[in-house]
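Hi everyone, thanks for coming. I'd like to walk you through a few spots in this structure, so please have it open while I talk.

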Amino acid sequence: MKLRNWSSMPATGALVLLAFGSPASAAAQATIQGTITDSARSRAIAGAQVSVVGTGARTQSMPDGRYRLTGVAPGSRTIRVQAIGFSPVTRDVTVPATGEITVDFVLSNRTVQLEEVVVVGYGTQTRENLSTAVSSVSAPDIETLAHASVDVALQGKAPGVQVTQNAGNPGNAVTIRVRGAASLTANSQPLYVVDGVPMVSEDISQLDLGGQGVRGITGLSPDEIESIDVLKDAAAAAIYGSRGSNGVILITTKQGRSGKPVVTFSTYAGVQSASKQLSLLNATQYLAFFDEAAENDGYGARYMEDQLGFTDAVNTDWQKAIFRRAPIGNAELAVSGGTESIRYRVSGNYFGQEGTVIGSDYRRLGGRVNLDFKASNKLTFSSKLAVSGEANHRVEGDNSLTGVVGNAIANQPMIPIRLSDGSFASTADGLQYANSVAIADLNDTRARNGTILGSLEARWLATPNLTATGRVGVDLYTVRETQYESPGIIGTYAASVNGVAKRAYSLGNKYVFDGFLNWGRAWGGRHNLQVTGGSSVELNRTESNFVRGETLSDPSLHEVSNATTVTDFAGTRAENNLVSVFGRANYGLADKYLFGFAIRTDGSSSFGPDNRYGVFPGGSVAWVMSREPFFAGLKGVDLFKLRASAGLTGNQAIGNYPYQSSACTANYGTEAGYASCTLGNPSLHWERTRQIDVGFDLELFQSRVTLSADWYNKRTNDLLVSRPIAGASGYISYNANVGNIVNKGIEFAITTSNFRSNHGFNWTTSLNMAFNRNRVTKLFDDQPFSAGFRLANRVEVGQPLGAFQMYRFLGVDPATGDAIYDDINKDGEITGADRTIVGSPWPDFNGGLTSTMAWKGLDLTAFFNFSKGNKIFNGMRLFSAANGYYYDNQFSDVLGRWQKPGDVTDVPRASFDGTSGAREVSSRFIEDGSYFRLQELTLGYQLPGSLARSLGFANARVFFRGHNLFTVTNYSGYSPEVNSNGSTANISLGTDFYAYPLARIVSFGFQVGW
Amino acid sequence: MRRLSRNLLVTTAFFAAACTNFLDTNPPDALPDQLAITSPAGARAALAGAYNALQSGSYYGGDFMFFNDLYGDNALHTGTFSTYGDAGAHQFRADNQTVDDIWNAIYEAIKRDNLLIEKVPNVAGLPSAERDQILGEAYFLRGLNYHNLVKLYGGVPLVVTPVKRPEDAASLTRSSAADVYTQIVADLKQAEQLMSSDSPTNHATVAAAKALLARVYLYRGDNANALAKANEVVALGFSLALDYSDLFDADGKDTPEDIFKVTFTAQQFTNAGYYWQSTDDGGRAELGPTQSLIDAYDPADLRGQWNIKGTEAGSASGTKWPTAIGAEDFPGIRFAEVLLIKAEALARLGQLPEAVATYNDIRVRAGLAPHELGVDVTTQQQVLDAIDRERRLELAEEGDRFADLVRSGRAVTVLGVPAFKLLFPIPQAEINVAPGIVQNPGY
């Protein structure tokens, strides 16, 4: 009985799905009630769809898991329960003529959820009828996050979606790549759509803090999210046309359920700590090392003591001084309920964490009201409104001379943090860089974000087969930033000008107007057709102001108003608009042969009049082979479906006016001026990604094993590139469509129910892995180029995007102690021409493994994620393993350095003048970034109903949870999950340059419902 | 209700249609190129834009200046930028990013000059005197920019009309250094003729064109013309600033010595002070004076006292530019240099007494005793050596040294480098996209 009857298809979520078929039976006497719980976590399942097969009787479960079906006709009936993220269950019951019977259900968790409702853009489909590649993550996997950015929930859970936490600072943005990277210059982040409304997902902040990004996605609380669906193949993403190349992330928020008001409160509190400390030299080792470096280069013995006057009387552990144990906490209070005509869910949430590095913290306060209002049997309205405010107290990181983490690693151990008079030690006292503790204490950098995300949707059920939907959505996002650089940090620019204050205001607003029709019909017992068509208009507005002032009157005054000189200012706006028409048709023949077609035409203001419109089609087919008669004899195979799809998607994220020639402001003193700044290209057009996908879904032994696998080949042509042209023209770049990138790979997810019983021990494991291969196949004139920190990343035909190119380190000459590099061109000299590809930042494979066990209300979940074969350019070692060229403290592996002829080691000799070659950018600093991490471990207990009720709750659950508990890796830095160049760094992934380390978190929490 | 749904659809369709107009968007803070330099105000704005190019952090606002001292014998790399380290060590690779940046910054400036020269003659409503003045300034700037290129890179692509298509950029080739010099002299003569007005010191003037011509003739070894042009400048009534330090005033105030200076302000700042000053003084100490420069100053030399803090190379810092804020103006060409040009031309022409008398003005201003011919200096070579020394001491930290060493033929000896290193490499990135541009030998 698998979905033979289309009428059992639910209309859930924000997006309407047509329900057609026979209306509910009028003769109704009996009531069926019961509770629905999760086998793995022993938790109540809210919002499960309960229906009596073959009748219109249906309801949803309450947040405490209870449901109540009234008006059920007597006789032998089949009750069916389905919920997102769980295997559906059907049970035959005999319904009495009158009265009430109790039927409880226990649902088991699955990764491949064939009958789950999948949000696909302007509509939903069931997993079973899907012929495209879509991955989903639902609430139970989202609410366990201890991260401000809800998209981190996809990490290790959605195969083919690579999530990288760039750094561990609170409130940080993450890098997401769906099936590799498909762009060079244009943004490679996926499109984010919340309840049907695309959101402002780019980083509009103005203060550049290395890889630390600020993005609107952190304005959403994980508590309010029902599910996240990722459209991965082109046939699925084609409905978002010109923005589908990098995948589409569809976020659906929780809805109200009709019934008595149900109040839920969930919270956790925990402690974070830095997950690792780097091993650095102590004062004695430091002085001995630099003495040797000086002596080796002829500066005489005891140079540090006798010439510079240092002693090892003080031994400062700078890392210890900046890291701390820091609290983290979250709370959500939600009320949900409603009547036949109005349903609501109102929630408020708070999330706060202090950083594990002093001087950083993050807070978010948010609220959401989701309403569904049924004006008549034919007209319903849905409104969604979320408001949140974030306060992100930041510390500089990464590529800065005043980075707290960087300077803590670099600061010399024989210098105290504070002098005897209590003031901070500074460069005047022998520090080579600014005092990291002073920076954290005295400087102040903040970003305050405001998000208003709302939509109003009207649905008109014009005929039983046709629904018209009109929707207006807005995302009003603002980022206000301030930065104060204290004059108290001797040795900085701010000290010489008596303080610097900055204030930046950025606004990114999006207005979306959609109108679309959903039509569906089943006929002849064999044919099902669903058609969606509509149009959309999207207006994007950005505004920004910036002002920077210097020379402030008093150390306690931090505002630009207190400055005497404005040294920088800006203020402007920009707009970018999109007009679209789209359509989709899905046809099912005998539930065995599924055909899908989607198309979108976008018109974009980013391109010139001749290239403004693009057409993006996608098609898919699926064959549910298990329904063929010849399969009937195969016991144990519940479902076997083959899928294939092909399509074209685009990318236009290369700024607002990339095709135009213009003259920009170029003032001279008090004279207002301008100068030609871009060489326009009227023929500029979309980046086009052609993708084919072949996959299958398999379900065995009554869902004990589910497997879904895909192979894809994704080829991006006409890359939008700001390509270099001869600078002698007066322009250094030119926006053009040149080059190709291919991503191809295999990804799969398998879930097995190792033990399964309704009330005893349950154990489920899920594993997913993705193997992506990325190659640049064509460039402008096939000219390679370099990018990233120290130009370490190479873009070259035949190589993975951003492969590391540098000298190949061969070892240390036992006779001289000098580094030996590979003389690639054999000319006897090591020159720029000897740089060669030494590794790729892309993993061979990555994925996640989840194990869930449950027994009598207890549940234990362990979630691991892993990555194999990706290389990291450990840029810290350029300084901390330069072996004496800089005064930075050194990683303790220099203790194994070459010291005398005959020493065999791979650590070059200490050299004051850098003559050992140790400071060259080489594969000596390329490390294996493979890791296997216990990302989450949760032990939970669902109190028995009677106990919960005696405590005054309808239900209650307590849990202990740990995040990032251990990592198996050979990487020498803080964390192998790192990206110091930030989310927009398409071609310079895999660099670690003093990134803020990820935290280890241990927390306790509970959830109660009334 | 049915009507409502129809209205909904009609509204949506209408909206979609209306919105096609929304696809014509223009940046609110930039001008479409075809509208630039089409009015008198536009011509003036574009002229300001041409001067703005000189402020670039890769040009007079930074790298160009620093690399002349760093690649010469005045400065030592004491910071963290690897491209600067390679300059200090005379180990340029063809892909040195800063070498590329300097090239691009100067050509950016030339593009702006070319656009003025192309479009200003057609601007309606511009009084002819003003039109000639603007054009004259543009020719001056183009001459200055090409001279700065040819000094460092040798013969370069001679772009004298605006490049409008990327194909035209890709097919550029190098001209000989001699051809570039011919263009420079022609531009500067044109500038000298066209200009008439008394411009402020931060714009080109007839005097600036004459002074720059004198400099260029000296580089070409045309001592008679160098002397003639220097004398024409002297006749215009300039004088040395009373105090050497007046020239490097934190706010860029004028002095009688200014012939042409590049304006910098707190917003349009130079990196000079920030890069030269020690970290204790709020700088980043990216470069510092060499021991040979420190030792070259007599302790009584007011210039040494102003220019350098400390006595040990490595820890000493360059203090010519007093603030890290960077609002000091940069003397593109000042009267002291004209006197040194005049002195050198005289010396090379064998007029030693006049030569010594001329550079003595510089020495006296620096608080040093004047040289006496026959006592302190006797031979022509000694006079030339003395002038070279004065140039170094006077113009230290002003980005003159490397080109000056090459011009005087001392570079190979003083710097201890093979002859091919007397030219910077042509940026590899340039050759990659314009294969007709050939690399300098040795790189």
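Let me begin with aromatic pairs: rings of Phe, Tyr and Trp, taking the six-membered ring of Trp, pair if their centres lie within 6.5 Å, and planes under 30 degrees apart count as stacked, over 60 as edge-to-face and the rest as tilted. By this rule there are 71 aromatic pairs over all chains. One of them is the tilted pair of Tyr286(A) and Phe290(A), with 4.4 Å centre to centre and 35° between the planes.

Before I go on, a word on the ground rules. This is a predicted model, where local features need pLDDT of at least 70 and side-chain atom pairs count only at pLDDT 80 or more, while totals for chains, interfaces and linings use all residues. Residues are numbered from 1 along each chain as its sequence is written, chains are lettered from A and ligands numbered from 1 in the order in which they are written, and side-chain values use heavy atoms, with hydrogens and water left out.

Back to our pair. Why are Tyr286(A) and Phe290(A) separated by about one helical turn? Because they are four residues apart in helix 3 (residues 283-296) of chain A. Helices here are DSSP runs of H or I with at least four residues, strands are runs of E with at least two, and both are numbered from the N terminus. Tyr286(A) and Phe290(A) are both buried; buried means under 20% relative accessible area, exposed means over 50%, and partly exposed is in between, using a 1.4 Å probe and protein chains only.

Rings can also have a charge over them, which we call when NZ of Lys or CZ of Arg is within 6 Å of the ring centre and within 35 degrees of the ring normal. In chain A, the charged end of Arg933(A) sits over the ring of Tyr931(A), at 4.9 Å from its centre. Another case involves both chains: Lys111(B) has its charged end over the ring of Tyr731(A), 3.9 Å from the centre.

Now to salt bridges, meaning a side-chain nitrogen of Lys or Arg within 4 Å of a carboxyl oxygen of Asp or Glu. How many are there over all chains? The search of the whole structure finds 86. Among them is Lys210(B) with Glu192(B), whose closest N and O atoms are 2.7 Å apart. That pair links distant parts of the chain, since Lys210(B) is in helix 9 (residues 206-220) of chain B and Glu192(B) in helix 8 (residues 177-194) of chain B, 18 residues apart. Both partners, Lys210(B) and Glu192(B), are buried.

Two further bridges in chain B are worth a click. Arg284(B) bridges to Glu286(B), with the closest N and O atoms 2.8 Å apart, and both of these residues are buried. Lys261(B) and Asp258(B) form a bridge at 3.5 Å between the closest N and O atoms, and they are both buried too. There is also a network of salt bridges, whose members include Glu257(B), Asp301(B), Arg303(B) and Lys320(B).

Here is a contrasting arginine. Arg364(A), in strand 21 (residues 361-374) of chain A, is buried yet has no salt bridge; the nearest side chain of opposite charge is Glu390(A), 5.3 Å away. For charges, Lys and Arg count as positive and Asp and Glu as negative, with His and the chain ends not counted. What does the Arg364(A) side chain reach at 3.0 Å? The backbone oxygen of Ala148(A).

Gln935(A) lies in strand 49 (residues 931-942) and is buried, because its relative accessible area is 10%. Lys157(A) is 778 residues from Gln935(A) in sequence, with 12 Å between them in space, C-alpha to C-alpha. Contact means heavy atoms within 4.5 Å, and leaving aside neighbours within four places in sequence, the contacts of Gln935(A) include Gln155(A), Phe863(A) and Asn964(A).

Asn964(A) counts as buried because its relative accessibility is 6%.

Asp781(A) also has a phi near 55°, again positive in a non-glycine residue. Buried or exposed: which is Asp781(A)? Exposed, because its relative accessible area is 55%. Asp781(A) lies in the loop between strand 38 (761-778) and strand 39 (785-787) of chain A.

That's my tour, so over to you for questions.

Methods:
A polar contact is a pair of N or O atoms within 3.5 Å; within protein, one must be able to donate a hydrogen and the other to accept it, and residues adjacent in sequence count only if both atoms are side-chain atoms.
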